Amino acid sequence: MSSAPSTDPAERPSPPRRRKISGALSAAYVPVVTCVTALMLLMAYTATGAAGEPPARISVSNARIFVSSNSVNTAAFFDITNTGPTGDVLKSVSSAELGSTMLGRRVTEDGAGRMEALPSLTIPARSRVTMSPYGVDVMVLDPPKLKVGDVVRFDLWFLGSGRVSVDAVVVPPQM
């Protein structure tokens with residue numbers, strides 16, 4: 001008894017070439033998926049800012065503003081601490097309650113002192129910057145009437161750390 005060849009495609013053996021292609025695709029599937037997954041994870045890691053140097057860790061304390069004395073302008077002072085392994089830059093300081101503010105520093109030339117605008121202030125890694133009337137401060141131009149004990153909200157804007165908000169207490173001028 002002889003049997004007739006089958007015409008059912010499921011029962012037919014696949015040609016050798018088709019088996020080779022199918023085997024090659026199966027063998028390449030796992031490494032390709034692994035590489036694509038690793039690439040996507042690396043892109044996400046970089047996009048979140050986690051790649052590269054660790055960020056600065058900024059904190060602000062001892063915030064105070066002098067009550068204006070017969071002068072139109074006054075000054076605010078902060079102690080800025082960076083406990084992180086990377087430096088940061090203070091770009092500006094603002095206060096919705098006060099209006100115009102700017103970073104400034106005292107410059108002495110020929111025995112005379114004057115204030116000049118400062119475009120930014122570098123806060124080195126693992127350091128503390130203390131503002132004072134004899135160095136760097138925040139100049140407050142034409143402030144509203146302030147009384148000793150009032151509290152004023154300031155936003156300090158850092159290049160890497162973004163906004164840091166702090167409440168400053170109004171104090172009498174101290175030299």
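Predicted model: local features only at pLDDT ≥ 70, side-chain atom pairs only at ≥ 80, totals over all residues.

Visitor: What does the secondary structure of the protein chain come to?

Guide: The protein chain has 1 helix and 10 strands. Read from the N terminus on, the elements run α-β-β-β-β-β-β-β-β-β-β. Of its 175 residues, 31% count as buried.

Visitor: How should I read a pair of aromatic rings, and how many aromatic pairs are there?

Guide: Such a pair is described by the distance of the ring centres and the angle of the planes. In this model the count comes to 2 aromatic pairs. Phe66 and Phe77 form a tilted pair, with 4.7 Å from centre to centre and 55 degrees between the planes. Phe66 lies in strand E1 (residues 58-66) and Phe77 in strand E2 (residues 74-82), so this pair ties together parts that are 11 residues apart in sequence. Phe66 counts as buried because its relative accessibility is 8%, and Phe77 counts as buried at 2%.

Visitor: Which geometry do Phe78 and Phe154 have?

Guide: Phe78 and Phe154 form an edge-to-face pair, 5.2 Å centre to centre, with 80 degrees between the planes. The pair links distant parts of the chain, since Phe78 belongs to strand E2 and Phe154 to strand E9, 76 residues apart. Phe78 is buried, with a relative accessible area of 0%, and the value for Phe154, also buried, is 0%.

Visitor: How do I read the two faces of a strand, and which residues of E7 are on the covered one?

Guide: In a regular strand the side chains alternate between the two faces of the sheet. In E7, Ser127 and Val129 make up the covered face, while Arg128 and Thr130 are on the uncovered one. E7 runs antiparallel to E2, and 4 bridges join the two strands. Arg128 in E7 is the bridge partner of Thr81.

Visitor: With which residue does Arg128 form a salt bridge?

Guide: The general idea is that side chains of opposite charge can pair when their charged atoms come close. Arg128 forms a salt bridge with Asp79, and their closest N and O atoms are 3.1 Å apart. The pair links distant parts of the chain, with Arg128 in strand E7 and Asp79 in strand E2, 49 residues apart. Asp79 is buried, as its relative accessible area is 5%.

Visitor: How many salt bridges does the structure hold, and which residues do they join into one network?

Guide: The structure holds 5 salt bridges. Arg114 pairs with Glu109, the closest N and O atoms being 3.2 Å apart. Arg114 also forms a salt bridge with Glu116, where the closest N and O atoms are 3.3 Å apart. Salt bridges that share partners join Arg105, Glu109, Arg114 and Glu116 into one network. Arg114 is partly exposed at 38% relative accessible area, as is Glu109 at 43%, and Glu116 is partly exposed at 22%.

Visitor: Where in the chain is phi positive in a residue other than glycine?

Guide: Most residues other than glycine have a negative phi. Arg126 has a positive phi, near 50 degrees. Arg126 is located in the loop between strand E6 (121-123) and strand E7 (127-130), and counts as exposed at 62% relative accessibility. Asp142 likewise has a positive phi, of about 50 degrees. Asp142 lies in the loop between strand E8 (136-140) and strand E9 (151-158), and is exposed with a relative accessible area of 56%.

Visitor: Is Thr86 buried or exposed, and what does its side chain reach?

Guide: Thr86 counts as buried because its relative accessible area is 17%, and buried means under 20%. This residue is in the loop between E2 and strand E3 (88-94). The side chain of Thr86 reaches the backbone oxygen of Pro54 at 2.4 Å.

Visitor: Which residues make the nonpolar surface patch?

Guide: Tyr29, Val30 and Val33 make a nonpolar surface patch of about 300 Å². Val33 lies in helix H1 (residues 16-47) and counts as partly exposed, at 36% relative accessibility.

Methods
Residues numbered from 1 in each chain as written. Heavy atoms only, no water. Patch = residues over 30% accessible without salt bridge, like charges linked within 9 Å, V, L, I, M, F, W, Y side chains within 5 Å. Areas by Shrake-Rupley, 256 points an atom, 1.4 Å probe, with all protein chains shown as cover. Salt bridge = Lys/Arg side-chain N within 4 Å of Asp/Glu carboxyl O. Buried < 20%, exposed > 50% of the residue type's maximum accessible area, 1.4 Å probe, protein only. Phe/Tyr/Trp six-rings, centres within 6.5 Å; stacked < 30°, edge-to-face > 60°. Pairing = 2+ DSSP bridges. Polar contact = N/O pair within 3.5 Å; in protein donor to acceptor, adjacent residues only side chain to side chain.
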